[in-house]
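Reader: I would like to learn how to read a few features in a structure. Please take them one at a time.

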Amino acid sequence: MFLLRRVMALYMMAELSSVIGSMSPSSINQERQALLHSGWWNDYQNISSDHCHWPGIFCNEAGSVTYIYSGSMKIPSSKELLWIVNLNITAFPNLVNLDLSGMGLRGSIPTEIGSLTNLTSLVLSNNRLQGSIPPTLGRLEKLVHLYLHSNQIEGHIPEELGNLSRLELLQLSHNKISGLLPPKLLEMDQMSSLNLSSNQLCGSIPLKTMRCPFASIVDLSHNLFNGNITSQIGCVHDLNLSHNFLDGEIPFLFTWSSELSRLDLSYNNLSGKVHKELASLSYINLSYNSFDFSQNLNSVSEVPNYCFFHEDSLINDHRMPNFTYCHLLNQTNAQTRKSKLVIMLIVLPIIFFNLLLLLSILYFSRSTKNGDLFSIWNYDGKIAFEDIIEATEDFDLKYCIGTGAYGSVYRAQLPSGNIVALKKLHRVESQNPSFDKSFRNEVKMLTEIRHKNIVKLHGFCLHNRCMFLVYQYMERGSLFYILNNEVEAKELNWSKRVNVIKGMAQALSYMHHDCTTPIVHRDVTSSNVLLNSQLEACVSDFGTARLLDPDSSNQTLVVGTYGYIAPELAYTLSVTEKCDVYSFGVVALEMLMGKHPRELISSLSNPTTQNMLVSDLLDSRLPLPLQKDAPDIDLVVNIALSCLCSKPNLRPSMQQVAEKLSSFKLQMPFHEVSIHQVIGQDIF
């Protein structure tokens, strides 16, 4: 389980301006008395008379408490003080964030919390709370985050929670909650993560009323749900329904929704045939069900659907698929293909000769200056070559927009009006076998992968006279260039910087986890991240990329750029996905700091560095992040530092990184949080 530690940052001054002026000294004194009466600060000596300076207490400009954070407090030494009712909640009308997680509190959730109309985040997780969830929580119209997981809460989920129109994250897992799942919880517009796992919820899941698309992550595992599942499960990106009592067949999903990427239906009573389309998901687990894995004996050549799955996704003690049959079938089909190949070798030359004759007639009857990029694919540069020579005036220097290790990049506007980038291998380097191999490797990699955050290869020309690649043109150039340009760096504000980091993470996650054979980039740097006109990121330069062979040690010469190379490559020479993870961490910090973080990385073990405030690390050319960006900045710092762990096996995977960046919120009091405190938030 992930350690879910969510804290909302204190940047609500503008929203609270309407109530600041109404706070009287007596009201503020009531807040102070309520804090004193709780006894939770009894263990502090020489504590300030101003409660706004107490550990874990944050106030607005009028001196009214807006944030109570247990993460900065000592847990009271006396167990008699660990009752949640000791704190008079009603004394804090301006409370925006209440986090009492991990204190070991006992008792029931106070119904009075429903009167805190300004509350946006309520975190009571990892305590010993009992009783039921009070329906009054449904009155908290501004609530965005609700975390009640890891307690001993019983009873039903109140339908009133479905009234929380702003709720984005609901975490009720690891309790004793029973009863039916309220349909309104699956209809909420803003929901991004719903976790009700490890409870005693029962009945059918009200999927028919689910909004589509729904949340990014839904976890209903380890409950007592029964009944059928419907095609609406395709409305969720990451869905876990494992360890329930679901039955019936899996509906066909791919005619109706493309949202689904990860699906776990293991440990249920599902039956029928498995659809081979499910095997294309980035993660699928159908183990321990009652599927029908029988073969169609009338069709020797027909491949059963289960043959498209990895064996570990269909594990079953009693009804394992006959994967041996799959292997035999593949061999039989291979022999059939050989027979067909002999026939084709006779027929194809005849067809090819006629086709070549027809193409020759068509070729000489049309103009070559059509600027059709795809002709480059089909004709290896012969048709569009003249267009490119003309557009760049034979690669004149005035069209050159950059120079790399083995080539130069040119901007070219084709007759069609399309603008492309051309990477041309220098003539001297083209004679060097290593440069030629790198150039051809880039073609190989980019013709096999397609992702919105990986630069698109439109075509190539691998001719002895001239070798070049035709790329999607990225108007804003490299991330390195922008960060080193005073004007453009200011345009790249915090939200845009976070989006660039998310784009990089998604690209690397795709390469590592969604390709048939994992691909390691090996040279992830700020120079190899390109931005388009909307400042959206694409990873580029795959000259050193490498396919990982699961049956080899993947040893290699050290390649990459100094300052971004993972430290283990110096002594193992073994390349893994975790090498890219380390480089990603460097670039993520570089993005936030506005410069390469080499000094920070070298001193991370130093207590002085760990006590530095996160806000002191950030690029001084930008104002400090506002409320909406601060949680994302804290999260990126946490993830980046996790990626820089010296032990590769302790670094997160890029898939974990991408998922956290898309759905997790790490909220802390930004202006006061240190590097040490951020590292202490265990999110992986």
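Author: Start with aromatic rings. In this predicted model, Trp40, Trp41 and Trp54 make up one aromatic cluster. The structure has six aromatic pairs. In one of them, the ring centres of tryptophan 40 and tryptophan 41 are 6.4 Å apart and the planes meet at 35 degrees, so this pair is tilted.

Reader: Is tryptophan 40 buried or exposed? And what about tryptophan 41, buried or exposed?

Author: Tryptophan 40 has a relative accessible area of 2% and is buried. Tryptophan 41, at 5% relative accessibility, counts as buried. For a stacked pair, look at tyrosine 67 and tyrosine 69: their rings are 5.8 Å centre to centre, with 25 degrees between the planes. Planes under 30 degrees apart count as stacked.

Reader: Which charged end sits over the ring of tyrosine 44?

Author: That of lysine 74, which lies 4.9 Å from the centre of the ring. The ring of tyrosine 473 has the charged end of arginine 411 over it, 5.4 Å from the ring centre.

Reader: Next, the nonpolar cores. How many residues does the largest one have?

Author: The largest nonpolar core has 82 residues, and Ile113 and Leu286 are those with the most contacts inside it. Helix H2 (25-38), strand S1 (57-59) and strand S2 (65-69) are the elements that give two or more residues to this core.

Reader: What is isoleucine 113 in contact with, leaving aside its neighbours within four places in sequence?

Author: The contacts of isoleucine 113 are then Ile89, Leu119, Leu122, Leu124, Leu137 and Leu140. There is also a second, separate core of 78 residues, which includes Ala421, Met445, Leu589 and Val636.

Reader: How should I read the two faces of a strand?

Author: The general idea is that side chains in a regular strand alternate between the two faces of the sheet. Strand S15 (residues 245-249) has Leu246 and Gly248 on a covered face, while Phe245, Asp247 and Glu249 are on the uncovered one.

Reader: Which strands do bridges join to S15?

Author: Strand S13 (residues 224-227) is joined to S15 by two bridges, and the two run parallel. Here glycine 227 is opposite leucine 246 in S15. Strand S17 (residues 269-271) is joined to S15 by three bridges, and this pair also runs parallel. Glutamate 249 is opposite serine 271 in S17.

Methods: Residues are numbered from 1 along each chain as its sequence is written. This is a predicted model: local features need pLDDT of at least 70, side-chain atom pairs count only at pLDDT 80 or more; totals for chains, interfaces and linings use all residues. Side-chain values use heavy atoms; hydrogens and water are left out. Rings of Phe, Tyr and Trp (its six-membered ring) pair if their centres lie within 6.5 Å; planes under 30 degrees apart count as stacked, over 60 as edge-to-face and the rest as tilted. Buried means under 20% relative accessible area, exposed over 50%, partly exposed in between (1.4 Å probe, protein chains only). A charge sits over a ring if NZ of Lys or CZ of Arg is within 6 Å of the ring centre and within 35 degrees of the ring normal. A nonpolar core is a set of buried Ala, Val, Leu, Ile, Met, Phe, Trp, Tyr and Cys residues joined through side-chain atoms within 4.5 Å. Helices (H or I, at least four residues) and strands (E, at least two) are DSSP runs, numbered from the N terminus. Contact means heavy atoms within 4.5 Å. Two strands pair if DSSP finds at least two bridges between them.
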